[in-house]
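Please read it with the structure open.

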Amino acid sequence: MGMAAENQFHVLAVDDSIIDRMLIERLLKTSSFNVTTVDSASKALKFLGLVEDEMRTYDTHVASEINQDVDVNLIITDYCMPGMTGYDLLRKIKESKSFKDIPVVIMSSENVPSRINRCLEEGAEEFFLKPVQLSDVSKLKPHLLKSKVKEENEQPIKRKGMEETQSPDKTRPKVSI
């Protein structure tokens, strides 16, 4: 993999309509995004490693996190889908410790101001009306760059074990007396 692949943003696109999925995938790929598409919010949760907690024992969380190695920089989801809506997916992502900072964009063919406001209030970065256009895709870059900077600033915190206690200045010579 060359430098271009490393700098490429990965977008998870969620839509139950194959036509809309193909359109958003083509628009994102035209803009040099790496794209993964799924046809439901539950498949998106599985892809991210968030699974529905069927048993709901003593834990109040709706989803448990099992795989945190997924590197997604943005999620774009349809609002109206059978089973779980894009709004429900947004809420589960924002409740997740691992994915709460990933920008989420909601798209819908219905222009319902109360729905748009509710999504934005719950943490959606943008709300696009379908059909999504190339000019909409260009609005994603600032959100991606903002999340990338945040991710890079938090990276030292994610280290495990002994690395946390080491001095940040590893070039300092050791002095022996």
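This is a predicted model: local features need pLDDT of at least 70, side-chain atom pairs count only at pLDDT 80 or more; totals for chains, interfaces and linings use all residues.

The numbered points below go from the whole chain to single elements and one residue.

1. The protein chain has 7 helices and 7 strands. From the N terminus on, their order is α-β-α-β-α-β-β-β-α-β-α-β-α-α.

2. Burial and contacts across the chain. The protein chain has 177 residues, and 37% of them count as buried. Take the contacts with a separation of 6 or more: 62% of them are between residues 24 or more positions apart.

3. The α3/α4 pair. Helix α3 covers residues 41-48, and helix α4 covers residues 86-95. They pack at an angle of about 20°, and their axes are 10 Å apart. Angles under 35 degrees count as roughly parallel, so α3 is roughly parallel to α4. The crossing of α3 past α4 is right-handed.

4. Who meets whom in that pair. From α3 come Ala41, Ala44, Leu45 and Leu48. From α4 come Leu89, Lys92 and Ile93. By type, the residues of this contact are 6 nonpolar, no polar and 1 charged.

5. The buried face of α5. Helix α5 spans residues 113-121, and its buried residues are Arg115, Ile116 and Cys119. Look down the axis of α5: these buried residues fall within an arc of 100°, so they line one face of the helix. Note that a charged type, Arg115, is in the buried set.

6. What lies over that face, and what lies opposite. The cover on the buried residues of α5 includes α4, β6 (104-108) and β7 (126-129).

7. After α5. Which residue with a positive phi follows α5? It is glycine 123, with phi near 120°.

8. Asparagine 34. This residue sits in strand β2, residues 34-38. Is asparagine 34 buried, exposed or partly exposed? Its relative accessible area is 36%, so asparagine 34 is partly exposed. Leaving out residues up to four places away in sequence, asparagine 34 touches Gln8, Phe9, His10 and Val11. Leucine 12 is 22 residues away from asparagine 34 along the chain, yet their C-alpha atoms are separated by 8.7 Å.

Technical notes: Residues are numbered from 1 along each chain as its sequence is written. Side-chain values use heavy atoms; hydrogens and water are left out. Axes are lines fitted to C-alpha atoms, for helices over the stretch in contact, and angles run from 0 to 180 degrees between N-to-C directions. Helices (H or I, at least four residues) and strands (E, at least two) are DSSP runs, numbered from the N terminus. Angles under 35 degrees count as roughly parallel, over 145 as roughly antiparallel, 65 to 115 as roughly perpendicular and the rest as oblique. A crossing is left-handed if the near helix is turned anticlockwise from the far one by less than a right angle, and right-handed if clockwise. Contact means heavy atoms within 4.5 Å. Buried means under 20% relative accessible area, exposed over 50%, partly exposed in between (1.4 Å probe, protein chains only). The arc is that of the directions from the helix axis to the C-beta atoms.
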